[in-house]
Structure formats: C-alpha cells, structure tokens
Amino acid sequence: RGPLKIAVAAMAARCRLAARFHPVHGANVRLDASRTRATRVESFANGLCFSQEPLAPGQIFLVEIEEKELGWCGHLRVGLTAHDPQSLEVVPEYSLPDLVNMGDTWVFAITRSHNRVTVEGEEARVRSPPWEPFLLIERVRIPRDTLVGRSRPGRYSHILDDLYKMNVLPATARHSRIGVLYAPQPDGTADMHIVINGEDMGPSARRLPTTRPLYAVVDVFASTKSVRVIPVEYGFPSLQTLCRLVIQKHVVHRLAIDGLDLPPPLKSFCKHE
C-alpha cells in the first residue's frame, strides 16, 4: 500500500499544479491572481492559453465557460500541444490554424453540437448513464461529478442541475465544462479525448507522441470571453470535498446552505462547485 499511496499523492500534487494556466498566454488574455481564470479583454483573438504543466497520461484539464460575449462568430477551442509555452518566441494569434501549423499540435473547435469523431468501420460506442459515479475512458477513471457544471443557486437551480447532468446543455453555453486528456495506446502513441459536460466525445486525434510532454491548449476565442480551470481530484477525495458531500446529502435545496452555521468559504464551495 505504501507505493500506491505515494503514487496517488504524487498524482494529486501534479493535478493541483497543472490545474492553472501557464503565465505565457495570448496578448488579449488577463489571468486572475491564482491563474485559474482567463478572460479575453479585447477583440476576438489572441486568447490562447496553456496548462501550467504538461499533463500526465489520463489527466484531464477541465475548464468551465464563465462568460460569453455577443457579436462574434465561433466558440472555445481546446486541444494538446507538444510545444513548451515557455519556448514560444511569440504566442500565436490563433490556435487554429496558427498553432496547429507549427506542428505537434491538435486542436478542435467546440460547437453547439457534439464534437464526436468517428472512424470508418468503428462501431458506435455505448454512452454510459449520467448517474454513474465515474467516467471511463479506456483505462482512465474520472469522477463524473466534477465534469458536470452546476447552475448558480436560485429558485429553479435544482431543475437546471438535472438538465446539466443529462448533458442537455449546449457545449458552448455558460457553465458548460469542457476537458481534454490523452489516453496511452499499446503501440506507444496516445489518443486525444475531449470531454463535454461529463460525456466522452471519443478519440478526436490519434497517434499522438508520448515521448514529449503534452500541454493542454485552451483558446478563449470569439463568443467565449472567460473560462475557469476546474480542479479534478484523483484517488482519495479531500476533506473539503467529503464535507461538501455530507452537507449536500442533508439539505433539500442548495439555498438552505445559507442558513447553516458554517464558514462562508465552505458555504460557497458547497453551493457553487
């Protein structure tokens, strides 16, 4: 058990470190102090962001759309790159096509419809029920609860939460959660997967090299104005998460949390995450 605990602890520490944006980013991006929120402050381009650290195999980089901006055509773009952001002389204006044209980069535009990529001759995958606690992507297990966005607390928020869990929410809507990861294959390469509101879209790109570090790419493009990184816990849940689960189990509606004798940060965590 000792080596397993050490491995889980190392993975958890790596996930916490990677669950923020790299200080290198597009010219129109402004990061908050924690580098977990990226906002495009001008125009519709120069919104390129990267994960702070390269991703581990099976590790998802998950963001939630927080703000939209009317008047632009196009939406969020996500993917992976083998380019170390620190090594870029200039951050490209666009992920598509600029960064992709540099090679060793795989980026897809998120649309209102799902971005599932099928391969000729491949059987359609069976979608796992939304109430299953884990999303399974090949040999990777990801807690599904974190992958699905939640409404802001309000009179009808419990109804909206049910819609989110059923993945009725359009992929480009506010509060949608979109993640990217890579799954190693027996031949030494990897498949890139995009996850939208708790559903795996299938391999979006195949035969990615695993000999080089792979960073997540998030392009805050056009109608997507602001996104926030959502940390995903692997292994054992934190004490904060366990407290949230117990509290939510014993209240009828999230608005009832306001009346509990709890520290304000814990109330906010229970209501919004």
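Modeller: Before we start, a strand here is a DSSP run of E with at least two residues, and strands are numbered from the N terminus. Also, this is a predicted model.

Colleague: Fine. Where is alanine 222, then?

Modeller: Alanine 222 sits in the loop between strand 12 (215-219) and strand 13. Its phi is positive, about 55°, although the residue is not a glycine.

Colleague: Is alanine 222 buried or exposed?

Modeller: Alanine 222 counts as buried because its relative accessibility is 1%, and the cut-off for buried is under 20%.

Colleague: Which other residue has a positive phi without being a glycine?

Modeller: Asparagine 197, with phi near 50°. Asparagine 197 lies in the loop between strand 10 and strand 11, and is buried, with a relative accessible area of 4%.

Colleague: And serine 223, where is that?

Modeller: Serine 223 is in the loop between strand 12 and strand 13. At 6% relative accessibility, serine 223 is buried. Its side chain makes a polar contact of 2.9 Å with the side chain of histidine 75. Among the residues that serine 223 touches are Trp72, Gly74 and Glu69.

Colleague: Change of topic. What order do the strands of the sheet take?

Modeller: The sheet is open, with seven strands in the order 1-2-13-4-9-10-11, and the pairing is antiparallel. Strand 1 (29-31) and strand 11 (199-209) are at the edges; each has a single partner strand, so one side of each has no neighbour in the sheet. From one strand to the next, the twist averages 25°.

Colleague: How many bridges join strand 10 to strand 11?

Modeller: Six, between antiparallel strands. For one of the pairings, threonine 189 has proline 209 in strand 11 as its bridge partner.

Colleague: What about lysine 225, which strand is that in?

Modeller: Strand 13, residues 224-230. Lysine 225 is buried but has no salt bridge; the nearest side chain of opposite charge is glutamate 69, 4.0 Å away.

Colleague: What does the side chain of lysine 225 reach?

Modeller: The backbone oxygen of arginine 40, at 2.8 Å. Residues touching lysine 225 include Arg40, Glu69 and Val220.

Colleague: Then what does glutamate 69 pair with in a salt bridge?

Modeller: Arginine 40, at 2.9 Å from N to O. The two are 29 residues apart: glutamate 69 is in the loop between strand 4 (61-68) and strand 5 (77-81), and arginine 40 is in strand 2 (residues 37-40). Glutamate 69 is partly exposed at 25% relative accessibility, whereas arginine 40 is buried at 0%.

Colleague: How many salt bridges does the structure hold?

Modeller: Nine. One of them joins aspartate 104 and arginine 212 at 2.4 Å, N to O; those residues are 108 apart in the chain. Another salt bridge, between arginine 207 and aspartate 187, is at 3.0 Å, N to O. Arginine 207 is exposed at 59% relative accessibility, and aspartate 187 is partly exposed at 48%.

Colleague: Which residues are linked in a network of salt bridges?

Modeller: Arg37, Glu64, Glu66, Glu67, Arg177 and Arg228.

Colleague: Last one. Where is the cis peptide bond that involves proline 97?

Modeller: Between leucine 96 and proline 97, with omega about 5°. Proline 97 is in helix 2 (residues 95-101). Most peptide bonds are trans.

Conventions: Residues are numbered from 1 along each chain as its sequence is written. This is a predicted model: local features need pLDDT of at least 70, side-chain atom pairs count only at pLDDT 80 or more; totals for chains, interfaces and linings use all residues. Side-chain values use heavy atoms; hydrogens and water are left out. Two strands pair if DSSP finds at least two bridges between them. Helices (H or I, at least four residues) and strands (E, at least two) are DSSP runs, numbered from the N terminus. Axes are lines fitted to C-alpha atoms, for helices over the stretch in contact, and angles run from 0 to 180 degrees between N-to-C directions. Buried means under 20% relative accessible area, exposed over 50%, partly exposed in between (1.4 Å probe, protein chains only). Lys and Arg count as positive and Asp and Glu as negative; His and the chain ends are not counted. A polar contact is a pair of N or O atoms within 3.5 Å; within protein, one must be able to donate a hydrogen and the other to accept it, and residues adjacent in sequence count only if both atoms are side-chain atoms. Contact means heavy atoms within 4.5 Å. Lists of a residue's contacts leave out its neighbours within four places in sequence.
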